[in-house]
Amino acid sequence: MNFLQFRGSIRLFLGMMILALGTVSALANHPVLVEGNCNNPPAGNPASVALGTCGDYDGDGRIGTAEDMDGDRVFGTITAAVGTIGGANLMSANQNGTVTIVTSGTFPEVITIAGNITLQAAPGVVADLDAVLQGDPGNGVRQTQPGIIVNAPADRYVVIRNITSKNWTSGIQINSVSRVAIESCKFENNVNYGVEVTGNARVTIAKSEIHATGFRQGGGNFPTANQPMPGKGIEFDDNSSGTVFLTTVTGSFAAGISNQTNKSKNVCVNLVNVFDNSPNFQRVSPSKNGCDNSENDDDK
Ligand SMILES: [Ca+2]
Ligand SMILES: [Ca+2]
């Protein structure tokens, strides 16, 4: 090997190292934890607490935004834990990782998901994404927004597990080409939709509860003083598709489960408990054959 060949080999080696390091960084899954709180306004209240109280999981006396800022992988708000793609906080999930809420609390935050995120509460933990935190100045604005907004590329996958979402326009709104699995979640007292699926999104909903969509006291007092628009438990719109399995939908002002997509075969519903919706099903009926071959169900 002459000098030029040797130099070329070194360059090739360095190039491969850079590529390898870059790959590791791009594929890294960033697990972070979120603590609970005292349910005291304002949202993300950073007031110091007695060690170990108010969901202070790591026992450092910090909760809320104070916990977001102390430089470890435990966060006090879901927004900071999820982070932004290429965001400044390298300790967050940076839209690419698992965000686990480890102690119960109320989180009055609009959560925007744009990447490979699993958002979950640990078993036994109640993570209440609530538009309303009594006494919080942001209540009015939050009640005009969805609680969770997913807008992710088609080559990412979002999982929402064991989360409660209440008092928003929609409990969760899934847009564009997002792919989402919703499991063991609760959507209650949202005004327009419990679960709203638009665009070309693909969504599966399992073992979840959607209650009282279109009914809320305060924030407009729906539906007595203001009409929900439309007040449906679950709706698939546009060219979206999905399945609903082992899920309860009750007390919707309008339809319980609604398929408003371009095609009747886009939505499969199997083994659901629906009651006191108006009507229970709209442009969709439960499959007798499961959802493994839903495209053919309409032809049978
Ligand atoms: Ca803490
Ligand atoms: Ca922290």
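**Close-ups of strands and cores**

**View 1. Val-180 meets a partner in the next strand.** Val-180 has Val-203 of strand 15 as its bridge partner. This is a predicted model, and here strand 12 and strand 15 (residues 202–206) pair up in parallel, with five bridges between them.

View 2. Look for Arg-161, which sits opposite Glu-183 of strand 12.

**View 3. Zooming in on Ile-160.** Skipping neighbours within four places in sequence, Ile-160 is in contact with Leu-119, Ile-148, Ile-172, Val-180, Ile-182 and Cys-185. Ile-160 is also one of the residues with the most contacts inside the largest nonpolar core, along with Ala-81, Val-99, Ile-113 and Val-195.

View 4. Pairing is parallel here, and the strand order reads 4-7-10-13-16-19-22. Strand 4 (105–106) and strand 22 (273–275) are the edge strands: each has a single partner strand, so one side of each has no neighbour in the sheet.

**View 5. Strands 10 and 13 up close.** Strand 10 (residues 164–166) and strand 13 (residues 186–188) run parallel and are joined by three bridges. One pair to pick out is Thr-164 with its bridge partner Lys-186 in strand 13.

Methods
Residues are numbered from 1 along each chain as its sequence is written. Chains are lettered from A and ligands numbered from 1 in the order in which they are written. This is a predicted model: local features need pLDDT of at least 70, side-chain atom pairs count only at pLDDT 80 or more; totals for chains, interfaces and linings use all residues. A nonpolar core is a set of buried Ala, Val, Leu, Ile, Met, Phe, Trp, Tyr and Cys residues joined through C-beta atoms within 7 Å. A residue is buried if 20 or more other C-beta atoms lie within 10 Å of its own, exposed if 12 or fewer, and partly exposed in between; C-beta atoms are placed from the backbone. Two residues are in contact if their C-beta atoms, placed from the backbone, lie within 7 Å. Two strands pair if DSSP finds at least two bridges between them. Helices (H or I, at least four residues) and strands (E, at least two) are DSSP runs, numbered from the N terminus.
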